[in-house]
Amino acid sequence: MRILLLSWLFLILFLANFFGIDMVLVSGQCQSDQQSLLLQLKSSLKFDVNQSVHLVKWSQNTDCCNWSGIVCDAGGLVTDLNLSFESISGGIENSTGLFGLQYLQRLNLAFNSFNATQIPSRLANLTNLTYLNLSNAGFAGQIPVEISSMTRLVTLDLSTLSFLGSALLKLENPNLNELVQDLKELRELYLDGVNISAQGSEWCQALSSSLPNLQVLSLSGCFLSGPVHSSIADLRSLSVIRLDQNNLSSADLDFMSGFSNLTSLRLSFCGLIGVFPEKIFRIQTLETLDLSNNRLLDGSVPDLPENISLRTLMLPDTNFSGSLPDSIGNAKKLSRVELARCNFSGPIPTSMSKLTELVYLDLSDNNFTGQIPSFHTSRNLTHLDLSHNVLSGQIPFTKWKQLQNLVYVDLRSNSFNGSIPPSLFVLPSLQKLQLANNQFEGQVREFSNASSSVLDTIDLSGNRLEGPIPKSVFEINTLKILLLSSNKFNGTIHLDTIQRLRNLTRLELSYNSLRVNASSDSPFLPQITTLKLASCNLSVIPNLKNQLKLFHLDLSQNQISGKVPNWIWNVSNGSLTHLNLSSNLLMGLQEPYSIPDLSVLDLHQNHLQGKIPQPPATAVYVDYSGNNFSSIPPDIGNFLKYTMFFSLSNNILEGVIPESICNATYLQVLDLSSNNLSGIPKCSIERMGTLVVLNLRRNNLNGTISGTFPENCGLQTLDLNGNQLEGVVPTSLANCRMLEVLDLGNNRFNDTFPCWLKIVSSLRVLVLRSNQFYGKIGCPEVDGNWPKLQIVDLASNLFNGSLPGKCLRTWNAMMVDEDEAQSNFKHLRFEFLGLSHLYYQDAITVTSKGLEMELVKILTLFTSIDLSCNKFEGPIPDEMGLFKSLYVLNLSHSALTGPIPSNIGNLRQLESLDLSMNSLSGEIPPQLAKLNFLSFLNLSYNHLTGRIPTGTQIQSFLPTSFEGNEGLCGPPLVTNCTDSEKLQPSAPASSNEFDWQFIVTGIGFGIGSGAVVAPIMFSKKANKWYDNHIDKILLVILPMLGLVYTTSHQRRIQAEEILDDKNTDDEDDHDDEYELENEEFRGRYCVFCSKLDNTRKKVIHDSKCTCHDSPPISSSSYTSSSSSSLAGFDQS
């Protein structure tokens, strides 16, 4: 019977503690003085009766020991007072009733609103208090010294929320040492958010010398400094340590492994530096370890012992690395694992499938590889995030049927493949399914019971899924976000199908083979916030007049023609912020119109004409490029006060660039290229503080560059190519210390080599070609170098002297091997607006393989040197052989002498080598035959001798690559090295002799050809018959070779279109270029294996060349003809 009573007593105590129930186990009748003091307390306090839980129920007609929030002892004396969450706003400082409760042992005033009043010093009158909780009660100022006299305290909680990084409470006088020195009984100390501002040795010794029984230490956000002093190890009873959000610096915490009772260690946001001790992971009692957000903290997860108590492991945003040990399966109590945004690698241990209590798993943004465990035994799993890794293989979706509690699945940005099973869409608890940017393929099959699904987010974008979108998707009543862009879905989607999703707020179907049938008369659902239908074969703008919440609209790359309807500017009552109508067939804007306060307005690549529309005053991004606009308003800059990106490239603009452009004080990208503009406003040079990209190439700019580049110049790209600028380059350009791309080619500059620019170590691209630069390029008297330089084009100038080997040795970016170049592989671009993922794509024109071509995306692994058509003399320096990553080398048309260095054979990435028209001598080094990627070689017109080296690559070149070298012999030349007579010029045939066999053969061939060709030339019917049959033959043969053939009929149509519209060629070229760029964004593409198409105007890439993985750029990004790009990434 006694055991049964004790069991009931334990149960009651547990329920009271767990559910916060105020229960009186032994309570006498409330003494009258106690009731009077409590009523006096109530009357003095200011509180909200509508939110009060306890005070509002106190009544003098009932026994105070039965009041809510009150506990009495057997004698009717009040021992516990709980007034937490009572919305008390004042009156406590004058509450004599509170300070008269002399028998009070526990006082809880937490979570009230005392409006920054100071903690009453008279609380010290409550000398019997063992528990004092004033946390987040709205107190402020200095903590009174009188608190230190409450020597019976076992628990002290003065924690507070800091406001904008500043603490409300502080410990200055008294300081921490003076506060705790007499609190010998203290076991739990909570001072979170209190400004203590003490050094490591100071606060550690204050605690260790005064609080021998301390078990819980919580000092997060207390402005403490490190390192943590080893004296803290004297607190042997510590079980909970919470020091988050302090500047503890050093990770030298080995002594903490001696805390045998430690259950929780939280050190997030502590600025820890160094290697975290592995011993701490092995503390048997440790249940929670939180080291998150210490970016400079190194470490690895060690082997874990069996029966470890660890339940929560949080290491996100640290520099932990290595692989996870198989022994992680020993931590069988693990319920929460967060390792996001670290440097972990290797496979995810299969032993993790043994973690049966796992609830939350986040391994995102690491380098995990291989397949993933099934997790089928983790039946309590609710959150699974493995996104942004290198995981591959098929996912064991079939075993996930047992994960009935799964709520969140994020597997984005990996290399998973296979099909997606229909059962995944109907897991009973699953709300978010995100599988974007993988390699899932095949058709998504229909699934049953779609109406019972609770999914609110489906993201399958950026895969290889095909076939029609399953109708079941449109039966998920709870669906809010549907993202299917950048797949191979096909078929037609009718608007009424979409309208079944009554809760849909975000729809993205861009870049598929879909046709969205959106009649201009049928409205979309009114709650849509984001609608992306790029490349959906739309012919009209959908009816969006009823939209109330739409802020992001993308209808780019469709066939929408006519004028932009004026109702579109009033969508969502003018609250639309992002509008993209680019790459359509729009001719103008319907009058009258008033553009609302958009942040992004993109109308590039249409047929808009006339005066450019006045940009919205709030616009951050404005792109009008690739149209037929003819004039710029003089006051244009007054409407660009907040604009960061502004492009008018590829229009037909004339006249001067308005000086009002200088009023755009936030402008970072200004692209006016490919127009007929003249004059650079002086202010645009002198106000370069914010401007990062200035592109004025292919205009009619003349005169000199006037003005001085300011000391705070932030330019990264300056492109003035293809103008008529003259004079010298301003030396103040050296103030632009972040300059990466400088293109002054095809002008009339008359200056020496810009040695003064060597102090700009960030330079990657330097183009000075086709000017009148002169002198030497060595710059021996100038300090500085260009370690990042990757493209150098000094061709067609008047430079002279020898090639400076010492200078070449500083071009480190050309010396890296292929693996290092791949690791740094990215596009050269400027991303503005930080987290918005809007960027400007740099472009450059290079000459390679004898052809001029434009790189619309500059890769950081592409390197090129072109010093041709100058007056350089002397030998080719041996330093040229150091450029292991060089793709193009052109030293032709100079006066170089000496042999070809044998170490040119080290340039294993070289694709184009031109040393023609020099005075080089000696034999061709045999190492050149080992350049396997070499696709263009020109050594003609030198003084080379001897046998041409033998190799499968070098013998594939035409004899013209070696002509003009009288001493050369061997294939591919017809001159045989073993026949000395053939080395001499052959004597001309006698004019008196006739070769009758040759003449008769020629006459016969001519007559036969005439018989065939004459009917074709003079008979339209025969001509058409001939064309059709030849077309049929070529249409069969050429696709087998990977080539595209245009029939004669198609060519005639194109010719007629050219006569009708003088701009058609440019637009078609741009569209094809755009499609190629979009393809490159989505997959693999060749770095620099290319040739011209049959029009000799456009570059096509050889599919058999070595290709590289593209960096992660959204499939929704696109590039205009001005090389400006807008990409929208929405994080879900």
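A disulfide is here a pair of cysteine sulfur atoms within 2.5 Å, and the structure holds 5 disulfides. In general terms, such a link is a covalent bond between the sulfur atoms of two cysteines. Before you select anything, note that this is a predicted model, in which local features need pLDDT of at least 70 and side-chain atom pairs count only at pLDDT 80 or more, while totals for chains, interfaces and linings use all residues. Residues are numbered from 1 along each chain as its sequence is written, and side-chain values use heavy atoms, with hydrogens and water left out.

Select cysteine 30 and cysteine 64, which form a disulfide with their sulfur atoms 1.6 Å apart. The pair links distant parts of the chain, 34 residues apart: cysteine 30 is in the loop between helix H1 (2-19) and helix H2 (32-44), whereas cysteine 64 is in the loop between strand S1 (46-47) and strand S2 (70-72). The helices (H or I, at least four residues) and strands (E, at least two) named on this tour are DSSP runs, numbered from the N terminus. The link of cysteine 30 and cysteine 64 is right-handed, with 80 degrees about the S-S bond. Is cysteine 30 buried or exposed? Buried means under 20% relative accessible area, exposed means over 50%, and partly exposed lies in between, using a 1.4 Å probe and protein chains only. Cysteine 30 counts as buried because its relative accessibility is 11%, and cysteine 64 is buried with a relative accessible area of 0%.

Now move to cysteine 65, which a disulfide joins to cysteine 72, with 2.2 Å from S to S. This link of cysteine 65 and cysteine 72 is left-handed, with -100 degrees about the S-S bond, and both cysteine 65 and cysteine 72 are buried.

Select cysteine 969 and cysteine 977, whose sulfur atoms are 1.8 Å apart in a disulfide. The torsion about their S-S bond is about 105 degrees, so the disulfide of cysteine 969 and cysteine 977 is right-handed. Cysteine 969 counts as buried, at 8% relative accessibility.

Cysteine 807 is buried, with a relative accessible area of 7%.

**Stop four: serine 892**

Serine 892 is found in the loop between strand S64 (888-890) and strand S65 (895-898), and it counts as buried at 2% relative accessibility. Contact means heavy atoms within 4.5 Å; leaving aside neighbours within four places in sequence, serine 892 is in contact with residues including Cys869, Asp914 and Asn918. Cysteine 869 counts as partly exposed, at 33% relative accessibility.

**Stop five: helix H5**

Colour helix H5 (residues 200-210), whose buried residues include Trp203, Cys204 and Leu207. What covers the buried residues of H5 includes helix H4 (176-180), strand S10 (188-190) and strand S11 (216-218).

**Stop six: parallel strands**

Finally, select strand S16 (residues 294-299) and strand S18 (residues 318-322), which run parallel and are joined by 3 bridges. Two strands pair if DSSP finds at least two bridges between them. Glycine 299 stands opposite phenylalanine 320 in S18. S18 also pairs with strand S20 (residues 343-347), in the parallel sense over 2 bridges, and the bridge partner of glycine 322 in S20 is phenylalanine 344.
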